[in-house]
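Please write a briefing on the structure shown below. Keep it short and group the points by topic.

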Amino acid sequence: MSGNSKRRYIRLDVISGKNLQVPSQRVPAGIYVSINVDSQRLWKSTTGVLSSENSVAWGDAVTMQSPRSLLGAVRRVILYRSSHALPAFSVEIRASYEAGRMLGNGEVIGKLQMSWGEVLNHGDESFDLSFPPVCGIHPSLTLKAAVVQACDDQDGVQPNSLVDCEMIRHTDAGHTQFAKYIASKTVSHLSAAVEHFQLVLDQCPASHPDHAAALTNLAWARLKGYIRKDLQDIDTTISLFRHTLALRPQRHPDHPLSLYNLTEALRRRHRKKSTAADIRESAQLYHELLPLCPEGTYLCSIASGKNGVDYVIYECNKLPTDASDEGICLRRVVLELCPVGHQRRPRALGKLSNALESRFTQSGNIDDLDECIQFRREAVSLCPEEHTDHDIYLNNLALSLIYRFRHQGNPDDLDGAISLYEEALLLCPVGHESRDVSLNTLGGALVTRFNERGARDDITRAISLRREALTLRPPGHPRRDTTLNNLALALKTRYDELGVSEDLNEAIDLYRESLRIRRLDHPERHRTLFNLSSALCSRFMHTRKDEDVEEAIDLCQQSLEALPSLHPDRYFSYMWLQEAYLSRYRVQLNPADLSLAVENFRLASGHPTQGFPNRIDTALKWVDEAESHQHGSALEAYQVCLELFDSHVMTRSSIIARREAATAFNGANSLPVDAASCAIRFDNLRHAVVLVEQGRGQQWSLASRLKTPVDDLESAYPTLSRNYLELSKRVSNAVQSSATTTDRAAADRAATEYRALTRQWESAVAEIRNIKDFSRFLLPPAYEDLQAAARHGPVIILVASQYSCDAIIVPTSGEPHHVPLPSIALADLTILKDRFTRAIRHASRMNPKEMRTDLIVLLRIVWDEIMLPIVNVLENVLKVRRHSRIWLCPTAAFTSIPLHAAHPFLTKPDRSKEPCLEDLYVCSYTPTLSALVRSRQMMKKRVTPSFVTIGQGQPGTGKGKALLAVDSELELVRKLVPATASHTTISGDAATRAGALKALESNTWVHLACHGKQDPAQPYHSHFVMRDEDVTLLDIMEKDIPRAEFAFLSACHTAVGDKETPDEVVHLAAGLQFAGFKSVVGTLWEVDDSVAKHVVEAFYKYMFHPKEEGIMDCAKAAWALNCATRAVKTKVPLEQRMVFVHIGV
């Protein structure tokens, strides 16, 4: 055995430390322990991270080999507990200000000299060492010491980095002097510390690895001197910290501490100088720092405390609203510094939402407003009713909803705002400091609702609330001008409705007083200018005093001069300026004034930062005035209207919301036909076809953009094609998912996400249009594109406008033909529609053999006044052969009239019958020309046919009477289907919603026999009745079945449009055509299933004749229906033959 084998060693475990206070009060990078023998460092521990509880856990150990004399002495200590002179043993706790390479030995927290006996007198148990107090608290270490037989690896031993000895001495001396300064406040110690640190810095050039550490030590000493007012120069100190941070980039171990040091210097300067730039920069630095501070560390607790980020948040929240990109970026940073649960989060939400709202009012970006509403909803949810600021958060949320209502026109926003304002007013009783605000804001919302819905109680209460608010803002009040303007606006609104001149005169006086109070640089002075202009215009029309209208024009021009070119409020200046010019024109009849009014209509409707609802209202008024005065801009006004409608409806993220948007404007329903009528009067038939197509079937048009075939694009540019198709799918899915959202906050988020997707989709479309051969990709089709609908026969568009009723025939080639219908007007069509409804209802109660006299009279009118002039052109001008295909595309009131059944009911002299429409031509309908073109394009992909019959004759309770003939009808159809097609039947309990939808997706041919119901209030809820749940039009629209071919809808009301928006052609048959079925047979009214089977049987016999050949061609459906309805004349009464119509190819 070797001599070394009998040596003994002392193992010392450094377990942990607590109450570790740094004398200089500086934040350390870490804490380490030093073991010294005879004043020489024998070992130092790792540098442990100081916790928020001022403790460190090391778990380091050192095994010390002693000389024999020392070991013998140690042995005697253990055995006899006698005292001998041994080498001095001491323990130090030091703070390190560098997490990586250290400069010097750091700052002493505590030092303790002790005997070896005190170290080894604890057996195998751990023990605590208490050090002299620092700031009144005793630091302590937990150690464990033992004599061991063998030397382990030197766990935790770190060789001391040897740097220049003089630099170390000066650094350590600097720390010592600085600690004395903190304890004694003696400036000479600060001067000595700064001198030592400066000497070290002088010896560390910029390239030296310790340069950053030297900079930090000097900067920190200077900062403390500044804080204690012993030094005045803070700017140099901050420059030193900035230099340090630049030398310690991200991922440098000392980067977090360097961030903190700079924020502390900036905070201190801000406290003395209130420099906004300092607090903004501090927020940015804390945003970077906090994620780098592990939870539970001392740095994290200091940075997160009241003198750290909390101070920065508080001071940032005191900054004025800044709607610039930089200002909003700062607000986002501050919000991220206030996570959920942070006490300052509601205020941070409020400040960010204020900045977003301010930017919205300047730029009109709806995304800013949506985000503002989202943040304000959260702020309201975080502040319970008893919170002192609850009324403020309610008012703010309500205001942003009012802004969005004005921008987008969603009535839910208006109703929600009024509810919030009412709640806020309840929290502000008489005497409350904020009552004037709540009175004003609720009054404004009631004025808005009065303008929308006309309830006089709203405007009466609005005036009352604002009069009370004015009493709370007497002369000299800083916001009296605003309340004067608001009360005047309410009075002017009531004057416009009731015409009481006292209201108008008082409004003018109030506007003038508000204008006198408001400074020239007041941010809302322009509003008082154009509001007063509006009131003066109204008085001019009453009194005819020229000075009123001249002043009105001047005021509007002043308001325009005060606003930048893209400010949203320029829209109102344009509008009131056109009103002034138009008022003067009505009195003086100077054509120049009418031209100026039209120019301002043009500017207002085209103002890009104003919301679509206001611009649409303007364009509609432009249309009315241009038509009224027969101005040449009428056609342009219609075009602008249609384009704005298209853009507005596209912003809605659900199909139902789109319909609500389309029906929200008075006079908008007739816009497509009135536009076409205008183009006809301008003798521009091609443009008339394009306009009526652009305005009709808008819902289908928007949705079909997302399903447009891209075969040509795919073959030439596959990557672009895939990107476009993926985005189209995502937008379509977003539309469908948001249709079921009821939570307002969730709906807001969905709308924002939808718009972001839409912008991506629009960018993809723009990229495709940049390619030469695809320059018109998804643009409204030109006449040449639409004429493709007439490839297999002419399409007749029937235009029912308040200005004229006309037909436009789009032939297979060449120019469209105009067929005036002078003997019938829009009012006549409305009467005719009602008479048909009564006649059909009466016929359903008659004996099948009875003569349908009322219907015969009505069908003669349809023949004589509508279809005969068209037939004359088809036969005599276009030379369309008899029994050819024709397509009817009715608009407005024409959609409710059975045009296909037009009949003269005359007998010729030779006793032969005068032919009716179905004798002359095979007649089909199409919702729009584009729908027919799209169906034809999809005919290119034909697959092996599969046929499914779906029947539900026993619906659930409350869903309608039993249909006893359904099962026999299904069996009849099954027998007539060619054997070449696979065939399945779904009926009874299997005919569920899920089963029916799956069958629609899985088969190319469908026959459906069940109850069909049109929902007059919400046509997208129209449905087929199944055993459990209904199959709605929305369900059908969600499907994409490009290989589907034919559907026979043997159910009631499947081809009846929406009464409120007939030009949208929203019905079940159109839905199936949109989903992919190229050819559809539907019904206009209630079907009698006991006689319908005769039509069904005859139809399929003709459709599949000869059955043996097994040919299934959906393009034969119109001919087969034509033959079938004529073949069953003796079996089926007239109204049940007329009920079936064909739609599609």
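Arg835, Arg838, Arg841 and Arg845 form a patch of positive charge on the surface. The model is predicted, so local features need pLDDT of at least 70 and side-chain atom pairs count only at pLDDT 80 or more, while totals for chains, interfaces and linings use all residues. Residues are numbered from 1 along each chain as its sequence is written, and side-chain values use heavy atoms, with hydrogens and water left out.

**The positive patch**
- A patch takes residues with over 30% relative accessible area and no salt bridge; like charges are joined within 9 Å, and nonpolar side chains (Val, Leu, Ile, Met, Phe, Trp, Tyr) within 5 Å.
- Lys and Arg count as positive here, Asp and Glu as negative; His and the chain ends are not counted.
- Arginine 838, one of the patch residues, sits in helix α34 (residues 826-843).
- Helices (H or I, at least four residues) and strands (E, at least two) are DSSP runs, numbered from the N terminus.
- Arginine 838 is partly exposed, at 48% relative accessible area.
- Buried means under 20% relative accessible area, exposed means over 50%, and partly exposed lies in between (1.4 Å probe, protein chains only).

- In helix α38 (residues 966-976), the buried residues are Val966, Glu969, Leu970, Leu972, Val973 and Leu976.
- These residues cover an arc of only 160° around the axis, so they lie on the same side of α38.
- The arc is that of the directions from the helix axis to the C-beta atoms.
- Asp967 and Lys975 are exposed, on the face turned away from the buried side of α38.
- An α-helix has 3.6 residues a turn, so residues three or four places apart point the same way.

**Loop residues**
- Proline 898 lies in the loop between β12 (884-890) and α36 (917-920).
- Proline 898 is buried, at 1% relative accessibility.
- The C-alpha atoms of proline 898 and phenylalanine 836 are 8.7 Å apart, although 62 residues separate the two along the chain.
- Lysine 185 is not a glycine, yet its phi is positive, at about 60°.
- Lysine 185 belongs to the loop between α3 (165-184) and α4 (187-202), and it is exposed at 60% relative accessibility.
- Aspartate 683 also has a positive phi, near 60°, in a residue other than glycine.
- Aspartate 683 is in the loop between α27 (671-681) and α28 (685-695), and it is exposed at 65% relative accessibility.

**Salt bridges**
- The whole structure has 54 salt bridges.
- A salt bridge is a side-chain nitrogen of Lys or Arg within 4 Å of a carboxyl oxygen of Asp or Glu.
- Aspartate 368 and arginine 359 pair at 2.8 Å, N to O, and both residues are buried.
- Glutamate 550 bridges to arginine 584, with the closest N and O atoms 3.0 Å apart.
- That pair links helix α21 (residues 546-561), which holds glutamate 550, to helix α22 (residues 570-588), which holds arginine 584, across 34 residues.
- Glutamate 550 is partly exposed at 39% relative accessibility, whereas arginine 584 is buried at 14%.
- Aspartate 919 and arginine 1126 meet at 3.7 Å, N to O.
- This pair joins helix α36 to helix α43 (residues 1117-1127), with aspartate 919 and arginine 1126 lying 207 residues apart.
- Aspartate 919 is partly exposed at 21% relative accessible area, and arginine 1126 is partly exposed at 30%.

How values were computed: Accessible areas come from the Shrake-Rupley method with a 1.4 Å probe; for residues, only the protein chains shown count as cover. The place of a charge is taken as NZ of Lys, CZ of Arg, CG of Asp or CD of Glu.
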